[in-house]
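The following exercises ask you to work through a single chain step by step, with the sequence and the coordinates open beside you. Try each task before you read its solution.

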Amino acid sequence: MSRSEIFLQKYRILEGLLEKRYDSRHMGGPSVVYEYIRDEDSEPVRVDLDLLREIRNLLSHNAGDDGGAVVEPSQEMIERLEAITEYVRKPREACKFGTPASQVLSAHMNDPIYNVMRNMRKNGYSHVPVTEQGSVVGVFSVKNVFDYLADAGLDSLAPDARISQLGERIRLDGRTGERYMFIAADTSILSVRRAFERYTEKNSRLGMVFVTETGSASEQLICMLTPWDVLSVDTAIKEANEDDGEEKHPGGDGAL
């Protein structure tokens, strides 16, 4: 079997994986590979993948005078195709980079505010989710307390004050000026990174991202991500793409 035939065979495997990924969301038109190139998740392999797509088009739609392939992919191109296929086969779900629910420092409506604040200071946290039966119903933050005291007075919180006293200030709907997002368990880490970037561009702060099975706030919390989790992902990408100060081709495992 020629390298051209091997290349096309492996390219069809990649297409099959992407067809399964997009399922009914792919409505024809551009190929699933082209659709994936426009997907945020393809960022680390996008340049290589676009080149491989062009090679595939040359092999599939053009022929030499003798009917043979007009180009012959190198072994390196075949290996890049294999690496990208493996990257697609094992998507980097956001939850793999967040804090599991069992390890999240959370609070409850009836918890004393001062106790929660001491735990936050001890652990260096500015926000903690408020949960009920495993679901996130609000977020307690330094800003919540500051706003409450600014409105109600410095003596408005008794030593045994409970989080429930803060009322709507811990709500998740963004009315407090802080924003939070719920995502499905299969959402990619790059999609989460882009969400943090979008809010930064809008001069609005996305405090935390909560992962549940389908992205519904009523479901059990699976894990939680903060901007720091995304920052650690970016650092890992940079380290993976550098070798003695030189960039590697992004056709590797793309591990975040």
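A crossing of two helices is called left-handed if the near helix is turned anticlockwise from the far one by less than a right angle, and right-handed if it is turned clockwise. The model to which this is applied here is a predicted one.

**Exercise 1.** Determine how α3 and α4 are oriented to each other, which hand their crossing has, and which residues make the contact.

*Solution.* Begin with the geometry: the two helices, α3 (46-61) and α4 (75-89), pack at an angle of about 120°, and their axes lie 10 Å apart. Angles of 65 to 115 degrees would count as roughly perpendicular and those over 145 as roughly antiparallel; α3 and α4 are therefore oblique to each other. Next, take the hand, which for the crossing of α3 and α4 is left-handed. Finally, list the residues on either side: α3 contributes D48, L49, L51, L52 and I55 to the contact, while α4 contributes M77, R80, L81 and I84.

**Exercise 2.** Describe the largest nonpolar core, and find the contacts that F7 makes beyond its neighbours within four places in sequence.

*Solution.* The largest nonpolar core comprises 37 residues, and F7, L18, Y36 and V88 are those with the most contacts inside it. At least two residues each come from α1, α2, α3, α4, α7, β5 and β6, with α1 giving the most, namely seven residues. Turning to F7, and setting aside its neighbours within four places in sequence, one finds it in contact with L52, I55, R56, L59, P73, M77, I78 and L81. A second core, separate and made up of 14 residues, includes V116, V128, L157 and I170.

**Exercise 3.** Identify the pairing partners of strand β5, the sense of each pairing, and how many of the residues of β5 are buried.

*Solution.* On one side of the analysis stands β4 (residues 178-184), which runs parallel to β5 and is joined to it by seven bridges; within this pairing, Y180 is opposite M208 of β5. The pairing with β6 (residues 223-225) is antiparallel and extends over three bridges, and here V211 has C223 of β6 as its bridge partner. As for burial, β5 (residues 205-212) is mostly covered, since seven of its eight residues are buried.

**Exercise 4.** Locate G167 and decide whether it is buried, partly exposed or exposed.

*Solution.* G167 lies in the loop that connects α6 (142-152) with β4. Its relative accessibility is 35%, so G167 counts as partly exposed, the limits being under 20% for buried and over 50% for exposed. The C-alpha atom of G167 is 9.8 Å from that of G138, although 29 residues separate the two along the chain.

Notes
Residues numbered from 1 in each chain as written. Predicted model: local features only at pLDDT ≥ 70, side-chain atom pairs only at ≥ 80, totals over all residues. Heavy atoms only, no water. Buried < 20%, exposed > 50% of the residue type's maximum accessible area, 1.4 Å probe, protein only. Helix = DSSP H or I, 4+ residues; strand = E, 2+ residues; numbered from the N terminus. Pairing = 2+ DSSP bridges. Core = buried A, V, L, I, M, F, W, Y, C linked by side-chain atoms within 4.5 Å. Contact = heavy atoms within 4.5 Å. Axes fitted to C-alpha atoms, helices over the stretch in contact; angles between N-to-C directions. Parallel < 35°, antiparallel > 145°, perpendicular 65-115°, else oblique.
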